[in-house]
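Subject: Structure handover

Hello,

Here is the structure we talked about. Please open it alongside this note; what I found follows below.

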Amino acid sequence: MAARRLSFSNITALAPMVRVGTLPMRLLALDYGADVVYCEELIDIKMAQCRRVVNEVLDTVDFVAPDDRVMFRTCEREKDRVVFQMGTADPDRALTVAQLVEKDVAAVDVNMGCPKEYSTKGGMGAALLSDPVKIEAILRKLVSGVSVPVTCKIRILPSLEETVRLVQRIEKTGVAAVAVHGRFKEERPRHPVHCDYIRAIAQSVSIPIIANGASLDMVKTNSDIEEFRKATGTSSVMLARAAMWNASVFSSQGPLPVERVMEEYLKYAIRYENHAFNTKYCLCQMLRDKVESPLGKQVQAAQTNAEISGAYGLQEFYQQSREQLQARRDALQSSSQPDRPVTDGDVTTMAVKFERREYPPHITPKMFLLEWSRKEKLDQPLYETVQRSQDRAFQSTVTVAEKKYRSSLWEKSKKFAEQAAAIVGLRVLGIPEGRIGEEESGLVCKRKREREGKTNGTTDEEKSRKRLAADHQRETAKKGCADQR
């Protein structure tokens, strides 16, 4: 464990930024040379409700809220370099969250510098600066309770003496480093950064101090980073807006054209199924004063990652990525699910997919299940279908003869999901389902079904299928079978 412990000396880091510090931006920053990347601030109350999910399709670890929203997504590539930042005002809750994520991150950070109301109204962020006792309680609880380094990020206090005393108290809790945003709580980016405060703090403690706050007035290119180090007397620097505008600021070869940087970001967003609105927000930040350009207007109008990809001419990349992910999803589902009935609560499940080509025209498993129910004088089968948010796939449960049946595999449409549920019910009940080549059961409209042709190959088979379709249409008109579909 000690060999993998993250060092905060002599680093350049991507700062935590709400809505910006998601997985695509963090990976992009690493590509361009960042040593450490912070995620966006995530609130302890929300994270404490999450469950850890290994996403084998994306090769990620997801922390998923009860409503199925992915609150935090990470991957092996950044495991030893990502810092999880939380917003908290409660030591016990902070520890609960830190222990939830510690196996998947390199360090845990507490936000004590954000002046925005959404953070301070719960006593979090910059509100903690006026309560050093609580600061100590939170940090000591974390340092003693997790196996990864613990850090915090603060703003400077009204006087230099107060700020130095606070950081010295923080140092005694055992934290690995402190990031210092060189502005007062009420100051905003338009105000100059106080390098003298950061320098004095760095000289007063032995732990690494990470200088932050120079994106507008000092750091515009990679070469400026070294000047900021010298001005603050720190070995480490953290960049926020300069990296948000163009992540290639981390590269000694940069800055690169922002158009190229946006394309690389978008590819990560597609690869890791980033939420479209988050993708759009980050791209608009990169566009800056070009947000009202033709490209900017296309991005603003886009509602999906597919539409955003179209704006950047990446339709083919998007389509290929979607196909690869779907193939992986299908392969994982097929290999991991048993091909036999399994009881899941009061529902019987099987790993079944509905393949339209396996059934004659106008014949479906739902029709067979409906006819069987009528024959047995049972209530009509009842279908309940749900859609999951991450890939908008469908899963249906059918109730028939007071029993419930469901496929464990998710389908691309509501209709296919219902057919898959019907197949499970038919197979468990031992009832024919209407597949091509299956022996005639007499269930559907009492119509004879053609067996596969023996001699004349495709031509006879096609004729047979056409006759079958015509017969079914006539029977439908006569006996009202249309409601079976």
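Start with alanine 137, which lies in helix α5. Helices (H or I, at least four residues) and strands (E, at least two) are DSSP runs, numbered from the N terminus. This is a predicted model: local features need pLDDT of at least 70, side-chain atom pairs count only at pLDDT 80 or more, and totals for chains, interfaces and linings use all residues. Residues are numbered from 1 along each chain as its sequence is written, and side-chain values use heavy atoms, with hydrogens and water left out.

Alanine 137 counts as partly exposed, because its relative accessibility is 34%. (Buried means under 20% relative accessible area, exposed over 50%, partly exposed in between, with a 1.4 Å probe and protein chains only.) Its C-alpha is separated by 8.6 Å from that of aspartate 90, 47 residues apart along the chain.

Helix α5

α5 has 14 residues. From first C-alpha to last it reaches 20 Å, close to the 20 Å expected at 1.5 Å a residue. (The expected span is 1.5 Å times one less than the number of residues.) Its buried residues are Ile135, Glu136, Ile138, Leu139 and Leu142. They cover an arc of only 165° around the axis, which puts them on the same side of α5. (The arc is that of the directions from the helix axis to the C-beta atoms.) The face turned away from that side carries exposed Val133 and Ser144. The cover over the buried residues of α5 includes α3 (91–101), β8 (107–112), β9 and α6. (Contact means heavy atoms within 4.5 Å.)

Helix α6

α6 runs over residues 160–171. Its 12 residues should span 16 Å at 1.5 Å a residue, and the end C-alpha atoms are 16 Å apart, which agrees. Thr163, Val164, Leu166, Val167 and Ile170 are buried in α6. Their arc is only 160° around the axis, so they sit on the same side of α6. The buried residues of α6 pack against α5 (132–145), β9, β10 (177–181), α7 (195–204) and β11 (209–212).

The second largest pocket

Elements giving two or more residues to the lining are β9 (150–155), α9 (241–245) and α11 (276–287).

Best wishes
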